Every structure is written in structure tokens, then in C-alpha cells.
Amino acid sequence: MTFRLPVGSAGALALACVAVWTPLAACSAQPVQSAATEPSRGTAILGEAAILAAAAAEVTPLMADGRYQSVSGAVVYQGRVHTFHYGRSPSGRAPDDQTLYEIGSLTKTFTGLLLAQAVRDGKVALDAPAALYLPQVDPSRLTRNGKPVTVRHLATHMSGLPMLLACEDQPADPARIACLAAHDDRDFLRRLNAVELRSDPGDTYLYSNAGARLIGLILEGVYGAPYPELVRRFLQTRDGGIDVRCGAAVEDPARLAVRDRAAETCDGAGGLVATTADMGRYLALYFDRRDPIPAQATTPLFQDGDFGRAYFWNTYRPETEGQLYHGGGTFNTSSWISLYPRQGLAVFLISPTVAEGAQGALNERANAIADRVRAAAGEPQAGR
């Protein structure tokens, strides 16, 4: 393993921040402990100022929108993690690399990594009926017209399961928050054993938190440990410095961007919290050529033209642009990841904003940041 150190001294980095960022912004760069993809011939080695300028050009317009009180993020490129922070969180503090955010459905990408590990370990088969690993579930509830729900169907949101099994009819917080807090695994399984699939397995895409939660239960069963522990073990064997945890395990609530968090439990669908620095280090795992698991987790399991899905990741033109992406939303945050494993490039954005269209805006900004970084390095642009 090697450490690729940030370009320039600490003093030069500080000057770059002053030159590029507004007074409410902060930035930092961290080495990544990985054998990251090397820049291709003709690609410029980008310094701190160029990376941060690319991010600033896209984040500044968001901050001009009154709905965004703060925006934080990370760009991973050429083996380095660059983090940045704008504005002030709802707690009144300026966010930094120690601020914890709920990442919502980005948790599913961690579930995808764990599933890829389980497949490689021979503990789970993608095309086996999911009920094979769930003795507590009535197999008939995971079957429609003679077609069983497979693990692959769950990981690609093509199981026919609804998005949620509880609380969909509840209004927004606090009623829905209270409802979800009472929706534990026992209640989940009780409702699952009465569910009717919405479509035949494998026929129709229907985003399902319930399906991701089932994958979490499968993983807990085959490894004999709770989901947060499985995440911790996986990360420790790669980069022990990545501190991603269940929301209920936060010891210092003052570190939370939004202190009245809704997520008190974790499962395969959501509940993890992390800093921008930890998310950057997490995304850097996908560029480590020595580790086959991230490569497997980003291999398409279903593709229909330009768009498809890997292990919970959404995929776009895997043979050309090679983009993967996923959004996350909670009662407190909106987030987005755009990931380009072939180029060793990733962008993560998060904001304590739940306004309509917030995830879509972060999606557009993340893609635009990636385009600016590629342009500055002399790489071809991705077509969308």
C-alpha cells in the first residue's frame, strides 16, 4: 500500500482556499490509502486549486438558492480526497470534516459491497430464491405467477416489492417519524408475510426500501452478525480509518449537521451516518485495483440500453462513460454520488436540505463537477 500525498504544502493549500472559496467555505485534502487508478497518458496532474475551483463553480450557485443553508462534499481524483464545506448547518455551526450527516439511501451502496462479498464467499447466490436465506418469511409471499424473487431481483429493485411496508399513509414528520421508529424488524417481517407483490419478479423496476432491507436480513443471517457490525468489519479490513456508523451509535450529537435526527436504527436500506471525509475515503475503495469486491459490486446485474443497475448502484453506459450513481434522502438531508471507477473519479455532495428537487439539483451539480475536473485534466467529457 502507498500513500499519495496532497500536492503542495499546508501553506499553499490555505492560499488556494482563500483564492477559490467564499468566506463561508472550508476545504481540505487527504491522502488515500489505495492503489488508485493512475492518470492516463495526456492527463494533467491536478493540484488542489483546480479541484476546488471545479467544485466551487458548481456549489456556489446552490448557495445562492435560499433553500440551501449549507452544502458539503468530497471529490476523489488521482488518488486524493478533497473535501469542502459551505455555509452553516441548521445547528448553527459551520460544517467541517468532523460533521456527521445522515446519508440515507446511500447506505444501500454499502449493502451492495457486503452482498458482493457474500457472493464471492459463496454464502449467497444471486439467482437463488431470496426465501432460501429467509426462513422467517413465507416463500409464497416472495413468489408471483410461479416466479420466485431472487437475490438479484432484490439488488436491482425488480422484485415487485413495494417501496415501503409501513407508514406510507402517514403524513410528513413527526407522525411518519414516530411510525417508522416503531417499525422494527419484527413488524417488518409480520408485514412482509402478508404482502402482495406488485409485479412479477424480474419484470418491472420498482424502487424498494423493503427489498434492500431484505438483503440486509439475508446478510445478517449468513454471517451471523447485525448489519452495522458487518459494515464495520468490511471497512476495517480495507481502511480502518473510515468511521461510518449507525445513526443510533453517535456518541456526540453536537457533531450532527441536524441534531434532531430521524434515523435511530440501521438496516440494508438506510440509517448510516458519516462525515464527508469518511465518504471520500469510502469512495476511494472503489479505485483500489487489488480488491476484487468493489469491482464486483459495480458490475451491472441488469442493463437495458444506457441504464441499468449493479449491486444497488444505478449504472449508465458501463462500456463507455462507466458511470454509477445513487441518491440519498432522509427527513434531514439530501445527498448524491457520481462515481466513475474507470477514471478514478468520484463526487459526493450532501446538504441538510429536503426541498423538492434537491436530490436532482445535487445530481446535476455532481455530474458538472466531474465534467469540470475531467476538462481541467484534459480528459474527454462524458455524454449524457
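Student: How many bridges join β13 and strand β14, and in which sense do they pair?

Tutor: Strands are DSSP runs of E with at least two residues, and helices are runs of H or I with at least four, numbered from the N terminus. Two strands pair if DSSP finds at least two bridges between them. In this predicted model, β13 and β14 (residues 334-340) are antiparallel, with six bridges. They form a hairpin with four residues between them, and Gly327 has Trp336 in β14 as its bridge partner.

Tutor: Residues are numbered from 1 along each chain as its sequence is written, and side-chain values use heavy atoms, without hydrogens and water. As the model is predicted, local features need pLDDT of at least 70 and side-chain atom pairs 80 or more, while totals for chains, interfaces and linings use all residues.

Student: Which residue stands opposite Gln323 of β13?

Tutor: Tyr316 does. Strand β12 (residues 314-316) pairs with β13 in the antiparallel sense over three bridges. Six residues separate the strands of this hairpin, where Arg317 takes a positive phi near 45°.

Student: Why is β13 described as largely enclosed?

Tutor: Buried means under 20% relative accessible area (1.4 Å probe, protein chains only). Six of the seven residues of β13 are buried, so the rest of the structure largely encloses β13.

Student: Which elements give two or more residues to the lining of the second largest pocket?

Tutor: The second largest pocket has 18 lining residues, with Ala295, Thr298, Leu324, Pro341 and Arg342 nearest its centre. α10 (292-297) and β13 (323-329) are the elements concerned. A pocket is an open set of points on a 1 Å grid over the protein atoms alone, where a 1.4 Å probe fits, with protein on both sides within 12 Å along at least five of seven lines; lining residues have an atom within 4 Å of a point.

Definitions and conventions
Buried < 20%, exposed > 50% of the residue type's maximum accessible area, 1.4 Å probe, protein only.
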